[in-house]
Amino acid sequence: MQEQSSGEELFATRNMDLHILDHRLRVTSISKNGLVNFTHPLIKLIFLRNRTRCKFFSLTETPENYTVVLDEEGFKELRPSEHLQVESSIWLPLNVVSNGNASSSSQAVGVTKIAKSVIAPLAQQHVSVFMLSTYQTDFILVKEKDLSVVVSTLEEEFNIYKEEGGESVPVHCQDVSNGLHKNGREGTVHPVLIPKNQFCVMSLDPDTLPSIATTLIDVLFYSSSPSQDCVKFFSFSLIDGYISLVMDTEAQRRFPADLLFTSSSGELWRMVRIGGQPLGFDECGIVAQISQPLADSDISAYYISTFSFDHALSQSDMSWVMQMNHTDHI
């Protein structure tokens, strides 16, 4: 792919819409030793769509914990517990739409496409973001209190809409009541780890979910420790009726091959895990620091934030990591 000129980039972004989706989200963490207290609500949220009004649900297992991102209806299912941590903010998911369609899996560009146009400008305005890439699209989560900063920062390059009751309503800076302000801490250099696992980004027809229920429960709740130099990472999202799965090849082999589907290339992904200590939610610029070299090199990538650390998945040889000062723990 040839590098775009600044004029071409501006033209491209002006032909894109930015949608503030009709979800108010909570970001939570369930401890590993406390999972037994939440298996019933999690199974309900994953498998029993007709018994909950939750429309946005994402569960990601890492070595430290389970990160659960869900809307207010889903959050009602999680009872307070010493094993449940809840980030205090309400988060709003943003989605970049080009020519009336969300970024599709056939493009498989992930965070690369939105790095320069959305993520970098927000980082410059000290807005922290929480990224959730899926098989279908990429969600940029921002804190509700930062909405005015987000709109004022991006409205010159995007047509911005807020979804309300199924309708897309144009939004302008003057329509957002909370005042312009800066917040958060400047991004710092974080060490990274590149595990040896190879990962798949896949999807599944929701109607066939019962067919893999036993395997999915086994992988999520009874998984064994990964082999040496690998890291445990499994992500399941059910958002507005679409399923996305991220798993390593070892987990993939446990599922029926004819039910899970991926892009036509079927290529495997490597992961960069960002952070030596838990990153927190006030620091800004982490996603921008990682995604910028990817965007500069036109490298396709997915990005998944969790409660403690961030994760970037790429199909490249990882040489792009060497462009950053993040290579202490490779």
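In which sense do β8 and strand β9 (residues 138-143) pair, and over how many bridges? Before I answer, a word on the basis of what follows. This is a predicted model, in which local features need pLDDT of at least 70 and side-chain atom pairs count only at pLDDT 80 or more, while totals for chains, interfaces and linings use all residues. Residues are numbered from 1 along each chain as its sequence is written, and side-chain values use heavy atoms, with hydrogens and water left out.

To the answer, then. β8 and β9 pair in the antiparallel sense over five bridges; two strands are said to pair if DSSP finds at least two bridges between them. Helices (H or I, at least four residues) and strands (E, at least two) are DSSP runs, numbered from the N terminus. β8 and β9 form a hairpin, with four residues between them. Within this pairing, Phe130 stands opposite Leu141 in β9.

How many of the residues of β8 are buried? Five of its five residues are, and β8 is thus mostly covered. Buried here means under 20% relative accessible area, exposed means over 50%, and partly exposed lies in between, with a 1.4 Å probe and protein chains only. Both faces of β8 are covered: Val129, Met131 and Ser133 are buried on one side, and Phe130 and Leu132 are buried on the other.

Phe130 also leads us to the aromatic residues. Ring pairs link Phe130 with Trp91, Phe281 and Phe307 into a cluster. The structure holds nine aromatic pairs. Rings of Phe, Tyr and Trp (its six-membered ring) pair if their centres lie within 6.5 Å; planes under 30 degrees apart count as stacked, over 60 as edge-to-face and the rest as tilted. The rings of Trp269 and Tyr302 have planes at 70° and centres 4.8 Å apart, so this pair is edge-to-face. Trp269 lies in the loop between β16 (260-261) and β17 (270-274), and Tyr302 lies in strand β18 (residues 301-305), so the pair ties together parts that are 33 residues apart in sequence. Both Trp269 and Tyr302 are buried.

I turn next to strand β4. Seven of the seven residues of β4 (residues 65-71) are buried, so this strand is largely enclosed by the rest of the structure.

Which strands pair with β4? Strand β2 (residues 25-31) pairs with β4 in the antiparallel sense over seven bridges, and strand β3 (residues 56-61) runs antiparallel to β4, joined to it by five bridges. A hairpin joins β3 to β4 through three residues. Arg26 stands opposite Leu70 in β4, and Glu61 stands opposite Tyr66 in β4.

Two of these residues also take part in contacts between a charge and a ring. A charge sits over a ring if NZ of Lys or CZ of Arg is within 6 Å of the ring centre and within 35 degrees of the ring normal. The charged end of Arg26 sits over the ring of Phe75, 4.9 Å from its centre. The charged end of Lys32 sits over the ring of Tyr66, 5.5 Å from its centre.

Now to the helices. The axes of helix α4 (residues 112-124) and helix α5 (residues 147-154) come within 10 Å and cross at roughly 125°. Axes are lines fitted to C-alpha atoms, for helices over the stretch in contact, and angles run from 0 to 180 degrees between N-to-C directions. α4 and α5 are therefore oblique to each other; angles under 35 degrees count as roughly parallel, over 145 as roughly antiparallel, 65 to 115 as roughly perpendicular and the rest as oblique.

Finally, the loop between α4 and β8 (129-133) contains His126. Most residues other than glycine have a negative phi. His126, although not a glycine, has a positive phi of about 60°, and it is buried, with a relative accessible area of 15%. Gln125 lies in the loop between α4 and β8 as well, and at 28% relative accessibility Gln125 counts as partly exposed. The C-alpha atoms of Gln125 and Cys284 are separated by 8.9 Å, although these residues are 159 residues apart along the chain.
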